[in-house]
Amino acid sequence: MIQGGTFDLDYIFFTDTFEEDQREVPVEMEVKNANAAMLSNYEVFKLLTDLKEQRKDIGKNKSSTGQQNLNTIMYETLKYLSKTPCSRQSPEIVKDFLTTMMPHKLTKAEKLQLLNHRPQTAVEIQLMVEESEERLSEEQIEELIQTVADVLPGDPEQENAAPAEAEMDEAAEQS
């Protein structure tokens, strides 16, 4: 496990405080075991977005096939993730979510699943939490669903579709 400034988790951005001005700034994480890291969709989205911006500053070099493949993977991944709730998350939201999840006896992988997929039904919770029938009561499952809905931003596509449906319903009523 990697330990750092504000967090003690393997899949969260870390911050540190400079002594001279007491402000927090992002710190480069040292990867101790590249195969052990679990990243949230938000972290992948942020990393690829930052990498895309850096590449714009440097200039485009599409000379090799490998580079073209990497560009395609980045583009497709960003395109997919931009349509998911992770595109509206922030380090503060992730921290708040993990803090509210502490009372629940969930593994890091289960918390990551909840963070990435933002479940809205008991069935979804059962798919993400191992042995949920034995470990969680119905009340706890409902509490998890409510916490996810309260802390994590919603799906941008669903929220954009809701006003459009409401407008169509209004138009149909007026006809």
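Author: The following account begins with the chain and then turns to its salt bridges and their surroundings.

This is a predicted model, in which local features need pLDDT of at least 70 and side-chain atom pairs count only at pLDDT 80 or more, whereas totals for chains, interfaces and linings use all residues. Residues are numbered from 1 along each chain as its sequence is written, and side-chain values use heavy atoms, with hydrogens and water left out.

The chain has eight helices and two strands, in the order β-β-α-α-α-α-α-α-α-α along the sequence. Helices (H or I, at least four residues) and strands (E, at least two) are DSSP runs, numbered from the N terminus. Of its 175 residues, 30% count as buried. Here buried means under 20% relative accessible area, exposed over 50%, and partly exposed in between, with a 1.4 Å probe and protein chains only.

A salt bridge is a side-chain nitrogen of Lys or Arg within 4 Å of a carboxyl oxygen of Asp or Glu; by this rule the count is two. In one of them, Arg-135 pairs with Glu-110, and the closest N and O atoms are 2.7 Å apart. Because Arg-135 lies in helix α6 and Glu-110 in helix α4, this pair ties together parts that are 25 residues apart in sequence. Arg-135 is partly exposed, with a relative accessible area of 30%, whereas Glu-110 is buried at 5%.

In the other salt bridge, Asp-50 pairs with Lys-46, with 3.2 Å between the closest N and O atoms. Both residues belong to helix α1 (residues 41–58) and stand four residues apart, about one turn of the helix. Asp-50 is partly exposed at 34% relative accessibility, and Lys-46 is likewise partly exposed at 32%.

Arg-118 is in the loop between α4 (108–117) and α5. This arginine, Arg-118, is buried, with a relative accessible area of 12%, and its phi is near 50 degrees, a positive value in a residue other than glycine. Glu-131 occupies the loop between α5 (122–128) and α6 (132–135), and phi of Glu-131 is also positive, near 55 degrees.
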